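Okay, thanks for making time, everyone.

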Amino acid sequence: MLSQNQQSMTSRLSEFWSKVPSFSRIVLFGSIGFYLFSWVSEFAVLFMNIPLYTVSKAELWRTFTGVLIPAGLVPLVLEMFLFVPVSAKTERCMGTVKYSLFFCCYTVLTGLVYSLLLYLVSFVPLEFLQELSVKAWQGIWTLAVLQITIQSNKNPDSQTQLYVCPIQIKSKYYPWLVGIVLGVALEVVCEMAIGIAVGYLHSLVPWPSLTDEKAQALESSVFCGCLQAVPVFIDTSQAGNEELPITFVPSEPRVLQRYQNLEEPQFEEDSSDSL
């Protein structure tokens with residue numbers, strides 16, 4: 001029985017991995033690579049998004065590279081457990097080119113918001129606030145909860161399962177619950193708050209988006225040629241086959257549908273006198 005369960009789990013993981021698109025794989029491997037690099041070299045600190053250096057010294061590359069540097073092995077496993085499923089689904093819906101631009105733009109945007117916010121707060125004459133200017137950004141949490149917020153707002157009143165727990169809640173509460181629980185437990189409250197705020201802003205403000213024609217033109221470029229070398233590249237023409245929201249509106253049971261489709265029986269009145 002145990003071996004059968006292990007085989008079933010292995011086959012499910014293999015099936016899931018076979019559907020993870022190329023850019024989501026790059027983010028995963030990049031995070032693992034930077035984590036290993038931080039063990040063998042102190043130069044990894046040059047890529048962390050530390051507000052004091054990002055703002056005061058204008059080291060703006062940190063807003064992008066900081067998203068790939070985890071705080072440790074356990075945070076790396078947990079953040080990828082949260083990030084990869086939602087990013088893979090979004091990439092399959094948008095296509096690899098559109099999603100890579102989406103990821104890069106929101107990484108820089110949220111990284112700048114984080115750096116400016118914590119840098120300005122550090123001028124408040126309170127010791128614990130002044131220490132925030134040297135707190136490195138754990139950006140992948142921000143990108144994960146940002147996408148969860150966008151997807152949840154597609155159908156906010158529908159029921160969705162609370163990740164791996166056998167509990168269902170309204171999808172509009174899902175990003176808040178994930179943000180509060182993981183934010184407090186892993187000390188990434190600020191990252192979670194920024195991700196939720198930008199996710200709601202994305203749903204309210206009409207942001208410019210890349211057209212399919214431009215995305216298809218970019219697919220023939222050298223950069224996209226490198227992306228296409230990674231397995232499961234999603235062409236723009238193949239994207240959109242999967243529903244973006246993580247929630248759904250449950251359909252009515254078939255028995256109820258059949259009952260509703262039944263017409264009421266019509267009885268003809270008999271004009272003859274009954275005996």
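Quick convention: helices (H or I, at least four residues) and strands (E, at least two) are DSSP runs, numbered from the N terminus. Leu204, for instance, is found in helix H10. This is a predicted model, so local features need pLDDT of at least 70 and side-chain atom pairs count only at pLDDT 80 or more, while totals for chains, interfaces and linings use all residues. Residues are numbered from 1 along each chain as its sequence is written, and side-chain values use heavy atoms, with hydrogens and water left out.

Back to Leu204: buried or exposed? It's exposed, at 70% relative accessible area. My cut-offs are under 20% for buried, over 50% for exposed and partly exposed in between, with a 1.4 Å probe and protein chains only.

Leu204 also sits in a nonpolar surface patch with Leu109, Val113, Leu201, Val205 and Trp207, about 500 Å² of accessible area together. Helices H6 (96–121) and H10 (189–204) are the elements giving it two or more residues. Patch members have over 30% relative accessible area and no salt bridge; like charges are joined within 9 Å, and nonpolar side chains (Val, Leu, Ile, Met, Phe, Trp, Tyr) within 5 Å. Areas are Shrake-Rupley, 1.4 Å probe, and for residues only the protein chains shown count as cover.

Now helix H8, residues 139–152. All that's 14 of 14 residues buried, so H8 is largely enclosed by the rest of the structure. Its 14 residues should span 20 Å at 1.5 Å a residue, and the end C-alpha atoms are 20 Å apart, which agrees; the expected span is 1.5 Å times one less than the number of residues.

On to salt bridges, meaning a side-chain nitrogen of Lys or Arg within 4 Å of a carboxyl oxygen of Asp or Glu. How many does the structure hold? Four. In one of them, Arg62 pairs with Glu59, closest N and O atoms 2.5 Å apart. Arg62 counts as buried at 3% relative accessibility, and Glu59 does too, at 15%.

Another joins Lys172 and Asp157, 3.2 Å from N to O. Lys172 is in the loop between strand E2 (168–170) and helix H9 (174–186), and Asp157 in the loop between H8 and strand E1 (159–161), so the pair ties together parts 15 residues apart in sequence. Lys172 is partly exposed at 27%, and Asp157 is partly exposed at 48%.

There's also Lys19 with Glu15, at 3.7 Å between the closest N and O atoms.
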